[in-house]
Amino acid sequence: MTDIRKRLLGVVVVAAAVVLGIGVTAVSAAPSGLTAANFRLQKGAYNPAIAGLDGVLPKAKLSDVVDSANRTGKPCGAHAPSVVASFCWQSISGADDENTTDWYPQGITTSADADPSGTYQGKTVIASTWYWHAGGTDRGDRVAFVDYSHPDKPVYRFVLLVAPTTTGGKPDFKPMTNSGGESVHAGGLFWYGHYLYVVDTSLGLRVFDLDHLWQVDSTQDTIGLQSNGTYEAFGYKYMLPQAFTYTSSTAGGYPAFRFSSTALDRTTTPVSMVVSEYNTTTADTHRLVRFPVNEADFTLATAPDGLAHGTEAYETGVLKAQGTASVRGRFYASTSYSTSDSHYGSLSSYTGSQGVVRYENVLQPYPEDLSYWPDKDQLWSLSEDPGTRVVYAMQESLLAWPTVQNGGSGTDVKALQYLLNGQGNAGLDVDGAFGPATLAAVKSFQGAHGLGVDGVVGPRTWRALVPSLTQGAAGDSVRALQTELTAHGRSTPVTGTFDAATTTSLRAFQTASGHQADGVTDMDTWRDLIN
């Protein structure tokens, strides 16, 4: 909206069930649109060395991996808004994943990305990429597959990522490294069907095939084909091969894209994926691009020229973006931007037509990737810093709502007063000023709906207030809708009657915000209207 308003975000620390009011929000301009088709990805050939390794190594299933989990996570709290689930990695001598500086966790995805049922081979799984950080012989990258069937006791096992090759005509493999011989940073990850997609900063995407998961039962701290004809994998029991890549290119004079994070978006039709850039200064690019995927074979959808082209792209201006996700037209970025001595991360939220709102210092220190689980309404993330590593989920529908309270004024207060009249028969004068009468009406509404009675209108109160409206409705709730549409540049007479003109304005707003233009005020539409 044109008026920039200070917002508060309630941050819940699960372990203590404490709500922290943090008023440290910044608002910047809406992202600028880019020519999406100028961002391109070209699929490489499927690695023929995989077939050779299939012939010499026993194949396994992902269900075998999680059934043989040899590490145990533990419940722990998370510094983040609206947390509904969290756990920490194992922390024991000799297998201290919580505190090790040898490996760092980065990307996150779930079996809800892999399949809309939420399971893969009957397992509920969270997966996370880790990259080697210790120097010496580079071990490349690995993936933690977490059996999350019992959230109170998550168990997991690491699988080594490898690059299949041949040595002297014999099947072989080597660690997953980039062109410089270093581990791939693997800052973003999504799982689609039997493929795991991992970002490579300068290359694009590396794709790993779970249909060719191998059991090695390695015991030696070395890798590949040995002189005695056996195979080793740095002591890992299972390996997952890179099957093919997507190499990035740009057109139209755009600089090369920096692949820092990625996420699958099952809330679009058809399904799509997004990628975003990490950069640290305003002079850099901070772009986000959406690509369509092929639901038939779990690859990226290609144009007649054989390339996958972006379908939506923005310069977001978001600094230090570590993770990205897209949920029903709303974008999120977890960022390492912090003004906190504790290095808490920040969460940015925006749409294609609305300004970027940054909630500062509300995420775990040094946050990383994001992944959305639709059926659970959970936005998952994780943190990388040794000693504060947490994997956690936030309830997405409670994120990115403004907070309005006593002393406030403006369009949102006016809409609030209309909604209180329409939904709570409050009898308020609609003047856009949050005073004693509005405060009393808010508290009355909260008490009647089983909400915390504090007089502060935050996510839960907004969600209880906003109704589903469609053409033919009438009353003060419609006036709230018409007031917000007008404030968003969709001039709509405030008549209290949901007529054809209101429908036209609403559909135009929904289209601009990336929603289905159905003329119905669902929760997502209201959230965008009130922001």
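Predicted model: local features only at pLDDT ≥ 70, side-chain atom pairs only at ≥ 80, totals over all residues.
Residues are numbered from 1 along each chain as its sequence is written. Local features need pLDDT of at least 70, side-chain atom pairs count only at pLDDT 80 or more, totals for chains, interfaces and linings use all residues, and side-chain values use heavy atoms, without hydrogens and water.

**View 1. Gln 446 in helix 5.** Gln 446 sits in helix 5, residues 436–448 (helices are DSSP runs of H or I, at least four residues, numbered from the N terminus). Gln 446 counts as buried because its relative accessibility is 1% (buried means under 20% relative accessible area, with a 1.4 Å probe and protein chains only). Beyond neighbours within four places in sequence, its contacts include Leu 451, Asp 454 and Thr 461 (contact means heavy atoms within 4.5 Å).

**View 2. Helix 7 against helix 8.** Helix 7 (residues 476–487) packs on helix 8 (residues 500–512) at about 55°, with axes 10 Å apart (axes are lines fitted to C-alpha atoms over the stretch in contact; angles run from 0 to 180 degrees between N-to-C directions). Leu 481, Gln 482 and Leu 485 of helix 7 meet Thr 502, Ser 505, Leu 506 and Phe 509 of helix 8.

View 3. Strand 10 (residues 83–88) pairs with strand 37 (residues 391–395) over four bridges. Ala 85 stands opposite Ala 393 in strand 37.

Notes. Helix = DSSP H or I, 4+ residues; strand = E, 2+ residues; numbered from the N terminus. Buried < 20%, exposed > 50% of the residue type's maximum accessible area, 1.4 Å probe, protein only. Pairing = 2+ DSSP bridges.
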